[in-house]
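Here's a quick walk through one model, for anyone who likes to have the residues in view while reading. Have a look at the sequence and structure first.

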Amino acid sequence: MTLYRVTGMSCAACSARVEKAVNAVAGVESCAVSLLTNTMSVEGDVSPETVIQAVKDAGYGAALKTALQSAAPADDSLNDTETPKLVRRLLASLVFLLILMYVSMGRTMLGLPVPAALDENPVALGLLQLLLTTGVMIINQRFFISGFRAALHRAPNMDTLVALGSSASFLWSVCVLFSMTTQLLHGHVDAAGNLMQQLYFESAAMILTLITVGKTLEARSKGKTTDALKGLMRLAPKTAVILENGTECEIPVEQVQRGMRFAVLPGAQIPVDGIVQSGSGTVNESALTGESIPVDKTAGDKVSAGTINQTGYLECEATRIGEDTTLSQIIRMVGDAAATKAPIEKIADKVSGIFVPAVIGIAAVTFLIWLLLGHGFGFALARGVSVLVISCPCALGLATPVAILVGSGVGARSGILYKSAAALEETGRIQTVVLDKTGTVTEGRPYVTDVIPAVGMMEMQLLTDAAALEQHSEHPFGGAVMDYAAAQGIQPPAVTDFFALTGSGVSAKQDGSSLLGCNQQTAAAQIVLPEDIIRTAEQLAETGKTPLFFLRNGRLTGIIAVADVMKPDSADAIQSFKQMGISVIMLTGDNVRTAEAIGRKAGVDRVIAGVLPDGKEQIIRQLGADGKVCMIGDGINDAPALTRADIGMAIGAGTDIAIDAADVVLMQSSLTDAVNAIRLSRKTLRNIRENLFWAFIYNIIGIPIAAGVLVPLGLTLQPMFGAAAMSLSSFCVVTNALRLNLFKPEKPKQTTVPSVADIPQINDTVKGTVDEMANITLEIKGMMCPHCEAHVRKALSGMEGVTVISVSHEAANAVVDTAVPISEETFRAVIADAGYDLIGIR
């Protein structure tokens, strides 16, 4: 998609004209023009020069929009330069208009005094009105230049309506003034005075001034709609502190290259994305994720540009710079959403394309009908002018884009990124939500709960084979096995011919032996599994654990069970989906029993288990036949399903591939944000419908009244009041869209490190095969940071028969497995030696 900056547009008819012109260019696949941001997005195989020329031929200006740089904290295109200009025009217009209204209406309506020369000479009074009106017209000449230029290009717009209405009133008044002069020259002073009632100079000036009032209010409100985007741009740092040969050197952020080491002092912004190499600190990531609680960072953790290091000193290595940083990607997504069009906008676009010509036609017919009915020229002209100036295509054109821009900005502040306007609209229409299990419903940080060697096998041999296989695996289960093996002091032997079996397991060779780690289905296809092993696996699965089978040379070496706990907010989020009338399905490659155990706890409507990545895509295709489907996932294996779904959501920022495949990106790893994404989309859709209703109903009611349908009842609408109504219509639409800023996202429950106690334990017969290993949660006082966690972990790992599962300073506890009886005093002494206090065991 290529972005362009378009100039010269004043209403929806202009944007429709530009779209029509560019879509007619050979090679253009699609074109969307945003009147709100004055941008145009074009897709297709066509040169920028050709597109720009097509826009120019349509009567407007265009230029290629330069790529947004993360170093640029503000984009000039978003600066509100229009409002100050309009304010100056409005003030100058008011100076002339107030004098004009005083001399034209103050004397007759309010009895205000005027100079005798004017009171006694109606022609002099008319000439003064002519001069004052001319001043207002010169100040607001932009309406005439833009309007008549558009008419010459056979693309009349809102300015054309204003220019025609004002010009008609002015020219008719000039003709009346000449007639008054003739009457006065012939000595008919009373006749000349009577003609004063047919002067419409004040209407011509009032029309222009009131429209300028509306334009000023509209411009000010439109400026506020981009506040979220401008706020994100202001987050981009301008400088970075680079480390060269041990010395610190401050340079512009655009000069930072990948691989450079940079320092971040307390209170400083992180300049680019990177990985912490040394040091520790607490980073406020609320600008990107919407989460106000700071995140601890130590060596190996990722940091993002625009976030703030609140405490500590960090030395980092740059990994993403310029447009590749997370902040720049967020800014680009919000900008792209504003530059694209939602499907619901097509209705307004079709109407806007024919609106102005239709209004001109209605005004002409209105004028002729009143003449044929025997009314005077002035009366008929006033009705026609009223039709011209009350009609407002701008309200139609702004109804959708202002809501889309405000909605996407509110989402960005909450860590919800809609990639396009269509994604923002479609998210609210979702009927079925499909959830990946690992990392979406669950924490995605599984750990080993059971080690069950096969008959004749030693536990150490089983763990060694498992570690050898999983050392090259990227699956979370592999990481859990490696962490457990490391805690047991096992060094994995080297392997060759490593191969990942998608959705099934991993295989490799070690000293000539074939190793295989897989699920039960794959293992059963390789060998005949003993009945007791099958029963054990079923018992493990029924308690929410996943049994991993390991084979050496076609012989079972044993089972290692891993478990993952639900995220604290998953059950509540799933309940919220249901309350919104959305069906919830959990889709996973895990075995049926384990998946159903997690599904029951989560409260989903349906569980589909044992599905490979390509199978997930087929399931989504099938579900799509019954309504709009949203797929929520975080991994590479979810990408096909994310692409196939009507709306794909990458949760917790996900992998790069998942982000590319998704339509909505959730910066936090929380299902509550998925709920917020749908809620925000629905509120935005409701706001768009309200805007469209107001825009359509305003014109449907206003135009007939202006044309004079209420004249039989003695009611007429003067042109100046029609102009006032027109000026307020766009302002009302934009102001209504700004109400979306009041949206309050739900906050997820505070995430804590999962405890083994959260997983149901299998029965004692199975536990007995694992040396009666017991789970213990140690409640520890005094841990303040990840360094403290490391000290406690090291102390506990040094105890014989103790396996450390997790240590968390946030939860103030450590979870361990014990293979031998250990007293509370022993634990207390070990933890005290590490510098902390044991306050309880459970």
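Is Ser-167 buried or exposed? Ser-167 is buried, since its relative accessible area is 14% (buried means under 20% relative accessible area, exposed over 50%, partly exposed in between, with a 1.4 Å probe and protein chains only).

## Ground rules

This is a predicted model, so local features need pLDDT of at least 70 and side-chain atom pairs count only at pLDDT 80 or more, while totals for chains, interfaces and linings use all residues. Residues are numbered from 1 along each chain as its sequence is written, and side-chain values use heavy atoms, with hydrogens and water left out.

## Ser-167 and its helix

Ser-167 sits in helix H7, residues 158–185. Helices (H or I, at least four residues) and strands (E, at least two) are DSSP runs, numbered from the N terminus. Setting aside residues up to four places away in sequence, Ser-167 touches Phe-144 and Phe-148 (contact means heavy atoms within 4.5 Å).

## Helix H27

Thr-672 belongs to helix H27, which covers residues 671–707. With a relative accessible area of 6%, Thr-672 is buried. Beyond residues up to four places away in sequence, Thr-672 is in touch with Asp-569, Ala-573, Glu-746, Lys-747 and Pro-748.

Together with Ile-700, Ile-705 and Val-709, Ile-701 makes a nonpolar surface patch of about 340 Å² accessible area. Patches are made of residues with over 30% relative accessible area and no salt bridge; like charges are joined within 9 Å, and nonpolar side chains (Val, Leu, Ile, Met, Phe, Trp, Tyr) within 5 Å. Accessible areas come from the Shrake-Rupley method with a 1.4 Å probe, and for residues only the protein chains shown count as cover. A salt bridge is a side-chain nitrogen of Lys or Arg within 4 Å of a carboxyl oxygen of Asp or Glu.

## The nonpolar cores

A nonpolar core is a set of buried Ala, Val, Leu, Ile, Met, Phe, Trp, Tyr and Cys residues joined through side-chain atoms within 4.5 Å. The largest one has 134 residues, and Met-40, Phe-577, Ile-632 and Met-649 touch the most other members. H27 gives the most to this core, with 14 residues. There's also a second, separate core of 22 residues, including Val-448 and Ile-560.

Leaving out neighbours within four places in sequence, Met-40 has contacts that include Leu-3, Tyr-4, Val-18, Cys-31 and Val-55.

## Strands S1 to S3

Strand S3 (residues 39–44) pairs antiparallel with strand S1 (residues 2–7) over four bridges; two strands pair if DSSP finds at least two bridges between them. Leu-3 stands opposite Ser-41 in S3. S3 also runs antiparallel to strand S2 (residues 28–34), joined by six bridges, and Val-28 has Gly-44 as its bridge partner in S3.

In the loop between S2 and S3 you'll find Asn-38, which is partly exposed at 29% relative accessibility. Asn-38 and Met-9 are 29 residues apart along the chain, with their C-alpha atoms separated by 7.5 Å.

Strands S5 (residues 239–244) and S6 (residues 247–252) pair antiparallel over six bridges, with Ala-240 opposite Ile-251 in S6. They form a hairpin with two residues between them, and Asn-245 in the turn has a positive phi of about 55°. S5 also pairs antiparallel with strand S7 (residues 261–264) over two bridges, where Phe-262 in S7 is the bridge partner of Ile-242.
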